Amino acid sequence: MVLATVAQVVAMLDRLGIPNAQLMWEDQEPPRPPYAILAPHETMPLRTGGGVMYDARRYDIELYAKPRDIPLEKRVRAALDEAEVNYTSDVALDEKGQVAITYFSMTLVE
């Protein structure tokens with residue numbers, strides 16, 4: 001299993017030209033879609049016989065698009081595949097049913 005770092009995923013989003021932030025935007029207002037939010041979840045210490053080797057955390061990349069942008073989703077998938085990052089994905093709509101949110105869930109090293 002290949003574990004990418006948070007910095008590598010942020011750099012990938014930057015290369016794809018997708019504005020992104022971790023948790024929220026500094027000014028509290030996101031740009032117009034498409035954009036991505038990196039949302040951290042639980043931490044999993046990965047240990048060796050000698051103790052903690054490093055901490056890994058499950059992250060979701062929340063890709064917001066209006067309307068749903070399947071070609072952009074494919075570009076993100078291709079970039080994750082090229083980096084050999086294991087992920088799952090799912091799609092939902094915002095509470096108004098106007099913005100598609102594609103979730104890419106993966107484990108990253110912090």
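I began with Asn20, which counts as buried because its relative accessible area is 16%, where buried means under 20% relative accessible area, exposed over 50% and partly exposed in between, computed with a 1.4 Å probe on protein chains only. Before going on I noted that this is a predicted model, in which local features need pLDDT of at least 70 and side-chain atom pairs count only at pLDDT 80 or more, while totals for chains, interfaces and linings use all residues. I also noted that residues are numbered from 1 along each chain as its sequence is written, and that side-chain values use heavy atoms, with hydrogens and water left out.

I then looked up where Asn20 sits, and found its place in strand E2, residues 20-22; strands (E, at least two residues) and helices (H or I, at least four) are DSSP runs numbered from the N terminus.

Which side chain makes a polar contact of 2.9 Å with that of Asn20? It is the side chain of Asp14, and a polar atom of the Asn20 side chain also lies 3.0 Å from the backbone oxygen of Ile18. A polar contact is a pair of N or O atoms within 3.5 Å; within protein, one must be able to donate a hydrogen and the other to accept it, and residues adjacent in sequence count only if both atoms are side-chain atoms. Leaving aside residues up to four places away in sequence, I listed Val10, Leu13, Asp14, Trp25 and Ala36 as touching Asn20, with contact meaning heavy atoms within 4.5 Å.

Next I searched the whole structure for aromatic pairs and found three; rings of Phe, Tyr and Trp (its six-membered ring) pair if their centres lie within 6.5 Å, and planes under 30 degrees apart count as stacked, over 60 as edge-to-face and the rest as tilted. The ring centres of Trp25 and Tyr35 are 5.8 Å apart with planes at 80°, so this pair is edge-to-face. Trp25 lies in the loop between E2 and strand E3 (35-48) and Tyr35 lies in E3, so the pair ties together parts ten residues apart in sequence.

I checked the burial of Tyr35 as well, and its relative accessible area of 10% makes it buried.
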